[in-house]
Amino acid sequence: MNPSQHPTFAPEQTLDPTDWKAFRAQAHRLLDAAVDRMEHYREGPVWTPLPLELQADYQVPLPRAGIGPEATQAHMEALLPYGVGNTHPRFFGWVHGSGTPGNLMADITAAALNANLGGRDHGAMHVEKQVVNWCRELFQFPATSSGLIVSGTSIATVIALKAARDRRFDFSSRKTGLQKTSRGQLVGYTSAQTHSCVARAFDILGLGSDALRKIAVNERFEIDTEALKTAIAQDRAANLTPFLIVGTAGAVNVGAIDDLETLADIAQAEQLWLHIDGAFGALGVLSERLRPRLTGLQRADSLAFDFHKWLHVNYDAGFVLMRSEEAHRRAFSERPEYLKGASRGLAAGNPWPVEYGPELSRGFRALKVWAQLAEHGTAKLGALITQNCDQAAYLGELVSACPQMTLVAPVAMNICCFRYKIEGQDAQTTDALNDEIVVQLQTQGIAAPSTTQVNGRTAIRVNITNHRTTRADLDLLVREVQRIGQELLKDGLAG
């Protein structure tokens with residue numbers, strides 16, 4: 001008897017389309033809509049909030065019966081104009097990459113493969129191994145190093161710091177935990193300008209964020225290396241256990257780069273693990289302008305950075321690079337019987353990526369990274385990084401030439417922080433005006449900078465990690481800041 005005709009069996013179903021020709025036409029329509037959106041990124045407002053009527057489409061009960069492919073696709077197309085704005089050339093807020101059309105093709109290919117990069121021997125694995133090798137070459141790490149593609153620098157930092165913590169305890173803490181160790185409390189050191197993901201990693205790893213010493217910075221917003229050495233000595237005298245220094249290559253507030261060579265010297269002298277938070281700045285090694293300032297990177301024990309920032313890979317794609325493959329694998333490797341490897345067949349290809357991080361289920365992020373590097377090459381990508389730095393310097397010149405504005409930090413890389421001034425007004429009133437200028441720029445769709453605190457005062461922060469930005473966009477930004485500032489003062493909104 002045919003199983004489908006068995007009286008106790010329900011008819012068998014699938015999630016594949018019943019009409020592949022109709023699906024192909026539908027997919028082409030969506031691809032055309034997506035490419036149209038990409039072609040016209042410069043047009044229209046930088047940011048537009050999702051209208052209330054469309055918000056209502058995402059506040060409905062869990063569907064018992066599906067709405068079908070056509071209605072589902074209509075909902076997806078409707079979202080295209082309402083992104084965060086980072087694809088627009090005047091998105092200057094935070095450090096977001098701008099993506100590329102070529103990565104759309106990589107994402108389509110990855111989705112068709114639907115590969116799990118946790119392990120086993122299949123084509124996607126060789127692409128990730130190529131990316132790891134390229135990163136090893138790019139940062140001049142030894143052949144004994146290892147790497148892993150992850151969602152971003154936040155999880156990369158957790159992975160790196162776990163390896164540093166475990167090595168300090170000779171990896172016994174993986175079984176006994178921290179509470180049973182005989183050593184004093186572990187403490188680490190970083191700049192007061194370092195990203196908050198480092199303190200969060202201390203929390204996640206059970207060290208406690210108070211165990212991270214935030215060292216003061218100099219006038220260039222770089223870590224004070226003399227203050228660092230003093231802090232290490234004081235903690236040793238207090239019977240604590242220093243184990244880690246975290247340097248910053250591109251502080252998120254102002255773009256400062258720590259003196260990485262000196263940090264490497266201190267870490268070597270003190271026998272501490274040196275980790276570099278290079279979320280966006282590490283890829284400055286591709287730039288002729290920035291490479292000389294990043295020479296200490298190759299001396300790090302671990303490095304975390306994002307492809308989805310200055311490499312413009314579509315979200316999300318980060319990376320952790322570890323000098324010691326042995327330390328990296330010992331911190332995570334755990335292969336139960338159902339993940340047993342083999343020398344032949346699908347279970348070959350050992351060691352697997354699952355042995356270098358916490359995830360067994362991992363998407364094929366490597367393909368879009370590989371595609372970006374393969375399509376454009378490091379020379380062009382590096383030139384675009386240099387271009388962004390030149391543009392930030394140009395903006396700094398525009399600000400310095402404007403009587404109503406003042407720079408509040410040196411333009412170290414691609415970030416320019418400045419402040420609209422009000423003669424005769426107190427600092428709090430000026431803070432409020434700068435906050436409102438940024439909100440008006442965003443809500444009017446002109447540009448999307450962010451705000452930050454520099455030396456305790458509100459600043460307009462312009463980050464440029466966008467291959468679509470031009471100097472004309474920066475000219476427009478300065479004109480609009482002047483216009484909005486004057487209008488707000490005229491309307492009495494700042495005192």
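Predicted model: local features only at pLDDT ≥ 70, side-chain atom pairs only at ≥ 80, totals over all residues.
Local features need pLDDT of at least 70, side-chain atom pairs count only at pLDDT 80 or more, and totals for chains, interfaces and linings use all residues. Residues are numbered from 1 along each chain as its sequence is written, and side-chain values use heavy atoms, with hydrogens and water left out.

**View 1. N314 sits in a loop between two strands.** The strands (DSSP runs of E, at least two residues, numbered from the N terminus) are β6 (302–306) and β7 (318–322). N314 counts as buried because its relative accessibility is 15%; buried means under 20% relative accessible area with a 1.4 Å probe, protein chains only. Contact means heavy atoms within 4.5 Å. Beyond four places in sequence, N314 touches G99, T100, N103, L104, D107, H308 and K368.

**View 2. N388 belongs to helix α12.** This helix (a DSSP run of H or I, at least four residues) spans residues 366–400. N388 is buried, at 0% relative accessibility. Setting aside residues up to four places away, N388 touches W310, N414, I464, T465 and N466.

**View 3. L263 lies in helix α10.** The helix covers residues 260–270. L263 has a relative accessible area of 0%, so L263 is buried. Its contacts outside four places in sequence include I223, T225 and L228. V411 is 148 residues away along the chain, and the two C-alpha atoms are separated by 22 Å.

**View 4. D32 is partly exposed in helix α1.** Helix α1 holds residues 20–39. The relative accessible area of D32 is 49%; partly exposed means between the buried cut-off of 20% and the exposed cut-off of 50%.
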